[in-house]
Structures are given as structure tokens and as C-alpha cells.
Amino acid sequence: MNEPLCKRLAAEVVGSAFLLATIVGTSIMGAKLAAGAPAMALFVTSTSAGAMLTVLIWLFGPVSGAHLNPVVSLAFAANGQLAWRDVLPYGLAQLAGFAIGLWSAHAMFELPVLQMAVTTRTGAGHWLAEAIATFGLILVILGCVARRPSVVPAAVGLYIAAAYWFTASTAFANPAMTLVRALTATPAGILPQHVFGFAAAEITGAALAILAGRYFWPAPRSVPDQAGAPPQGIPA
């Protein structure tokens, strides 16, 4: 794979937009259709998010790697699979895509496009949950890329669907998405003052997963080409 940076960034924007539109849109739809049944609403969002992640990684993996998450980009850069100079552009593209997806979801459901979150998500339990969720996500990606890259789309989708249920925080596991989710008053939101705690926990979990990945799968990593593109066969 040797796609130009502009094409890879466009893929990250579009993929990130669809991912957050799915999460926010299903949180709205779930709350409407499963009123008084929060477990059903969570089931709707978790399965939809997992399914959409699988599709997006299949779709955009060959173009940009379908990172859709700045800590995934950091993990690949740390392992020599993405040029460090591309990490910031990837992160900005993901942030832009998440904003587009969020506002699109609001517009589809005829809600005010500009909102601020009202959902409380803070405390040691939530921070630990985000660290664990992100640790697991990065470990799943690194392990599958090292041994069976073809299973990355399904593995990531299944992991996120499960992590919605076993974590106290519903597994945001994505600092850029966490920041943007402060801009929605839907059930998918997070109060702006709680964003820092989530993001710090997510980055900590990702850093630990990178170290763990080097311990479990120490095989030599591929080196990106001169254009900085991730190598062929890195689908996430």
C-alpha cells in the first residue's frame, strides 16, 4: 500500500464520521425505542458499533489502515508501521471526522446540531475501565496484526461490542472521540470537565499495551516507505 497522505486522511475522516454517527445515532434510536429498558438500548449501540467497526476496517484498511483512533496511530508509529510525521495529521483527520459524524447524527434526528453533554462519567472506576478498555483494544490490534492480520476487522468489532458490556465506562477507548462526545447531550455524551480523566486513562492504557505487545510479539516490524504509508497488510 502506497496511498498518498491526502487519500489516507480522507479515509480516516470518512471512517471516523461513520463510526461516531453510528454510536450517537444508535444511542438516540435505542433511547427512543427501548424506553425504560436501558439494557436493550446498550445492546443496540454495542452491536451496531461493533458491526460498523468491522465494516469500516474492511473498507478503509487497505487505504489508510483504518485507525479511526489517535492511540491506534500512535501504536503503529511506535512499532515502525506509520511515520511519526503522519501521527498528527491522522489525529486531526480523525477528530474532524468524529465532529462531522456527531453533527450528522444530530441533524438526522432533528436535534440541535450544537449541544453540550450532560452525562456524568467520572471517578476511579470509570478511569480504570477506560485504561483497561484501551489496553485491550490496542493489544487485540497489535496481536492480530503480528500473527493474523486478516482477522483484525472481526476481532476489533467483537472486542468493542464486548467491551461496552464489561467496562463501567462503556469503552470509549479513543481520546479524540471522547473529546467530541462532550458536544452531544444524547446518552452517548460525556461532560466536558470529565474528558481529561478519560483521555488520560486511555493514553495510559495504550502505552501499557504497546509495551505488552513488544513483549508478547517481538518479531521485527515493517518499516514504512518513504511516503510514510503504513505497509501492506496492516488493516487497522
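Me: Axes are lines fitted to C-alpha atoms, for helices over the stretch in contact, and angles run from 0 to 180 degrees between N-to-C directions. At what angle do the axes of helix α5 and helix α8 cross?

Reply: This is a predicted model, in which local features need pLDDT of at least 70 and side-chain atom pairs count only at pLDDT 80 or more, whereas totals for chains, interfaces and linings use all residues. Residues are numbered from 1 along each chain as its sequence is written, and side-chain values use heavy atoms, with hydrogens and water left out. Helices are DSSP runs (H or I, at least four residues), numbered from the N terminus. The axes of α5 (residues 124-147) and α8 (residues 195-216) come within 7 Å, and they cross at roughly 35°.

Me: How many nonpolar residues does the contact of α5 with α8 have?

Reply: Contact means heavy atoms within 4.5 Å, and by that rule residues of α5 including Trp-127, Phe-135 and Leu-142 meet residues of α8, among them Phe-198, Ala-209 and Phe-216. Ala, Val, Leu, Ile, Met, Phe, Trp, Tyr, Cys and Pro count as nonpolar, Asp, Glu, Lys and Arg as charged, and the others, Gly among them, as polar. Alongside 5 polar and 2 charged residues, the nonpolar ones number 14.

Me: What volume does the largest cavity have?

Reply: On a 1 Å grid over the protein atoms alone, a cavity is a set of points where a 1.4 Å probe fits but cannot get out, and lining residues have an atom within 4 Å of a point. Of the 22 residues that line the largest cavity, those closest to its centre are Leu-19, Leu-53, Asn-69, Leu-137 and Ile-160. The lining divides into 18 nonpolar, 3 polar and 1 charged, with α1 (5-33), α2 (38-64), α5 and α6 (152-166) each supplying at least two residues. Taken as the space filled by probe spheres set on the points, its volume is about 200 Å³.

Me: Is His-194 buried or exposed?

Reply: The place of His-194 is in the loop between α7 (175-180) and α8. Relative accessible area under 20% is called buried, over 50% exposed and in between partly exposed (1.4 Å probe, protein chains only). Because its relative accessibility is 12%, His-194 counts as buried.

How values were computed: On a 1 Å grid over the protein atoms alone, a cavity is a set of points where a 1.4 Å probe fits but cannot get out, and a pocket is an open set with protein on both sides within 12 Å along at least five of seven lines; lining residues have an atom within 4 Å of a point.
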